[in-house]
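User: Hi! Could you walk me through this model before I set anything up?

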Amino acid sequence: MLDQNRDMHFQGLSAKAVEIEHLASIQNQAPATPEYDAIIIGAGVCGIYQAYRLQQMGKRFLVLEQASDVGGTWYWNRYPGCRFDSESETYGYSFSSELLEEWNWSEHFAPREETERYLQYVTDKFDLRQHMRFRQRLASAIWKPDLSGWEITTDSGTVLTTRFLLTAIGLLSSPTLPRYEGVESFKSLSFHTYHAPREGVNFAGKRVAVIGTGATGVQLISAIAGEVGSLTVFQRRPNWCAPLNNSPIPAQEMADIKKRYDEIFARCRETPSGFYHDVDPRRTLDVDPQEREAFWERLYNSPGFGVWVGNFKDTLVDTEANAEFSKFVAMKIRERVRDPDVAEKLVPKDHGFGTRRVPMETGYYEVYNQANVRLVDISETPIQRITETGIQTIAEHHQFDIIIYATGFDAVTGAFDKIDIVGEAGQKLRDKWIDGPLTVYGLGVTGFPNMLTLAGPQSGSVATNFPRGIEEAVDWCSGVLEYLFNNRIDYFNARQAAEDSWSEHVHEMSGRILFGKEQSWFTGYNSNVDRQYRQKCLIYAGGQIRFRQFLTEESAQSYPSFEMRQSGGAPRSHGSDATRTRPDT
Ligand code: NA7
């Protein structure tokens, strides 16, 4: 079936193209040459791969990273229990068979330390450190028309110039603390999970508080409950959690995985989420209740996200179907938690299963059966303030030795907002995005030429098994860069019509799925920041297959969503309408 959204997106562009190119050709003069062809911001999963691709192209480039080493998310989140929820063998890079052959994963869902080691290994193996500068926080990036490039300033005052600016600054890299009075006044140890102490924490015998029960809090709580003296969990809204079902990977299985990598990556390319798991083609209520329950039982006891993204096809789009599965998971929670009052507090009542990010857990619910663990429902007894010695709720004062804030992030756009990114006509990116992000494919922004937001808001890559989505985005952006370099194009700017059309499509996709209606970081909700977006969608909910089709068509047509100029001002023309092909979905 012809995809109407994609069709409309490309049709809308053809009318605008001629006019904008004509204006461009009048204005331009040959620009000066910047110091670098490209500067990448961030040396996490995304920045490392983009660095590899630029090195292969033989370009002059630099990676600026604010941490003291590579890793991004896996460098920062040093809280106990941190690990990914992707099957390990689907999380590694796929670009080098030598790398795939050399690296052994120890668990089906690897812990943080192992992933950090992996990223260091990749960086060293491909000799990428020579291009990297650490402890460099970007303060500003200002578009310079006479350079047809960007002037970058770090907070230590270093100024650099580059033709292309590539942001790989992470989705969840701007942590937010709650705005309770007295957060600074607590006299003992307190920290946000993102800034957990590098040297580790001795929890033995300590009275520990955790605020927040998202994916991070759930991992942390399960990991420390056996070590602490006492643990008090402050929960505002419970989430629907499901077992990760992790286990070690024996040597023989790892050897088998190595033989199957082609098949594994091919499978991940075929599913909307980039994982192994694909939706079951049946509708929930069409299946006999006994068979349905057996299917759910299997999912619940299988490793990974199958329970979320491998469920019946209507689970995440139909309220009635969603309610049925939510009932099943509620039953599981009630079975696992002995005290019925505590169990009831842990069962979400305000949203259905999977309509917010599903925290994957290992023994999470059983933690609440321990005598030294207490759940405080702060929707009933709100926190009033943090004191010098603990936490004051409206009901009582709790004394602690350690307070841990697992309170989440100013997701996806937060890291952009912290940098002064100034585009054409002096417009700041954070002002442009005041009501929510506006992009083309989550990769380009009108008025911010020569900037590719590699893991930007509204991108397909940020809604999938991250490395799978990110390889796709980086490969596409590398294709764009090659095209621009080969054709001596030094100006590349997303067209307004394309931005309007993509943003509309993103919101339409978000409206089709239940999570588009819920308050979570997917929809830009964060109670700890002032701005509330009108355009409430930070990720692309259309799935990676549809996203890939957009990108493939865009390159096949020589980038009609973007205005381009060659050195000296001549605009680059695109293929005509007659030459365009529109793939079927
Ligand atoms: P999340 O999923 O945004 O969760 C944050 C949690 O912190 C959530 O339970 C919030 O409750 C709670 N929170 C936030 N602010 C407060 C205040 N002020 N008071 C009490 N509780 C608060 O962040 P995570 O770090 O867990 O996970 C982020 C992603 O990291 C995750 O999706 C994975 O992809 C990896 P609320 O629900 O807002 O009531």
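User: What should I know about the numbering and the cut-offs?

Analyst: Residues are numbered from 1 along each chain as its sequence is written, and side-chain values use heavy atoms, with hydrogens and water left out. This is a predicted model, where local features need pLDDT of at least 70 and side-chain atom pairs count only at pLDDT 80 or more, while totals for chains, interfaces and linings use all residues.

User: Thanks! How many residues does the largest nonpolar core have?

Analyst: The largest nonpolar core has 139 residues, and those with the most contacts inside it are Leu231, Tyr368 and Tyr441. A nonpolar core here is a set of buried Ala, Val, Leu, Ile, Met, Phe, Trp, Tyr and Cys residues joined through side-chain atoms within 4.5 Å. Buried means under 20% relative accessible area, exposed over 50%, and partly exposed in between, using a 1.4 Å probe and protein chains only.

User: Which helix gives the largest share of this core?

Analyst: That is helix α17 (residues 466-486), which supplies 11 residues. Helices are DSSP runs of H or I with at least four residues, strands are runs of E with at least two, and both are numbered from the N terminus. Apart from this core lies another, of 23 residues, among them Leu62, Leu429, Trp433 and Phe448.

User: And what is Tyr441 in contact with?

Analyst: Leaving aside neighbours within four places in sequence, its partners include His9, Phe10, Gln458, Trp476, Trp502 and Phe547. Contact means heavy atoms within 4.5 Å.

User: Gln458 is on that list. Where is Gln458 found, then?

Analyst: Gln458 is found in the loop between β18 (451-453) and α17. Although it is not a glycine, Gln458 has a positive phi of about 70°. Most residues other than glycine have a negative phi. Gln458 also counts as buried, at 0% relative accessibility.

User: Which other residues have a positive phi?

Analyst: One of them is Ser558, another residue other than glycine, with phi near 60°; its place is in the loop between α19 (544-556) and β20 (562-566).

User: How about α2? How many of its residues are buried?

Analyst: In α2, 11 of the 13 residues are buried, so the helix is largely enclosed by the rest of the structure. Among the buried ones are Val45, Cys46, Tyr49, Leu54 and Met57. Helix α2 (residues 45-57) reaches 19 Å from its first C-alpha to its last, close to the 18 Å expected. Gly58 follows the helix, with a positive phi near 70°.

User: Switching to strands: which ones does β1 pair with?

Analyst: β1 pairs in the parallel sense with strand β6 (residues 159-167), over five bridges, and with strand β2 (residues 61-64), over four bridges. Two strands count as paired if DSSP finds at least two bridges between them. Ile41 stands opposite Thr167 in β6, while Ile40 stands opposite Val63 in β2. Six of the six residues of β1 (residues 36-41) are buried, so this strand is largely enclosed too.

User: What is the strand order in the antiparallel sheet of three strands?

Analyst: This open sheet has the order β13-β14-β15. Its edge strands are β13 (383-386) and β15 (397-399), each pairing on one side only. β13 and β14 (residues 390-393) share three bridges, and Ile383 stands opposite Thr393.

Note on methods:
The expected span of a helix is 1.5 Å times one less than its number of residues.
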